[in-house]
Amino acid sequence: FSGKIPGEWITERKFVHNGEKHLEKETLDFRADTFRLILNITISKGTLLVRDLRIEASGLWKMRDDILVIVMQELRFAGVGETRGINRESFRTVIRELRGNYLTDPIRLYRVLKLTDSSFVIHGEENVEKSYSRN
């Protein structure tokens with residue numbers, strides 16, 4: 001598995017959580033032992049909208065057998081495309097929750113279920129399966 005990961009990978013995921021519709025577009029760029037993550041999130045519920053909230057992260061990665069370990073070292077919120085029907089305090093709450101999700105436990109473990117030259121599938125601790133393809 002380990003020789004095929006370096007490079008740029010993309011995935012898109014749609015789901016509903018607590019009545020909110022989420023769309024996540026993720027780009028992962030793996031180098032020799034570092035990675036860069038760009039995540040664009042859109043959240044909507046009724047008339048409320050946060051579109052293209054951009055999160056950028058970087059850190060270290062390692063793969064052993066079928067386990068991918070990612071260690072987040074830096075995280076920043078790079079901007080937002082549009083907000084509608086959400087006040088400043090609610091928006092700050094969204095940011096705090098997202099920051100907490102990533103920084104509370106910066107070490108992430110994933111089981112690699114499939115890895116080819118053009119795609120890979122991982123299963124994470126949060127019981128979510130993600131499929132990536134080369135960009």
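Predicted model: local features only at pLDDT ≥ 70, side-chain atom pairs only at ≥ 80, totals over all residues.
Colleague: Is Glu26 buried or exposed?

Modeller: Glu26 sits in strand S2, which spans residues 20-30. Its relative accessible area is 7%, and the cut-off for buried is under 20%. Glu26 therefore counts as buried.

Colleague: Which side chain makes a polar contact with the side chain of Glu26?

Modeller: Happy to look at the neighbours with you. Leaving aside residues up to four places away in sequence, Glu26 touches several residues, including Trp9, Thr11, Leu37, Lys130 and Tyr132. The polar contact, at 2.7 Å, is with the side chain of Tyr132.

Colleague: Which element supplies the largest share of the largest nonpolar core?

Modeller: That core has 30 residues, and Phe30, Phe35, Trp61, Leu68 and Phe120 touch the most other members. Elements supplying at least two residues each include S2, strand S3 (34-45), strand S4 (48-64) and helix H1 (88-103). The largest share, six residues, comes from S4.

Colleague: Good, and what is the bridge partner of Glu8 in S2?

Modeller: Strand S1 (residues 7-17) pairs with S2 in the antiparallel sense, over eleven bridges. Two residues lie between these strands in their hairpin, where Asn18 takes a positive phi near 50°. Within S2, Glu8 has as its bridge partner Asp29.

Methods. Residues numbered from 1 in each chain as written. Heavy atoms only, no water. Helix = DSSP H or I, 4+ residues; strand = E, 2+ residues; numbered from the N terminus. Buried < 20%, exposed > 50% of the residue type's maximum accessible area, 1.4 Å probe, protein only. Polar contact = N/O pair within 3.5 Å; in protein donor to acceptor, adjacent residues only side chain to side chain. Contact = heavy atoms within 4.5 Å. Core = buried A, V, L, I, M, F, W, Y, C linked by side-chain atoms within 4.5 Å. Pairing = 2+ DSSP bridges.
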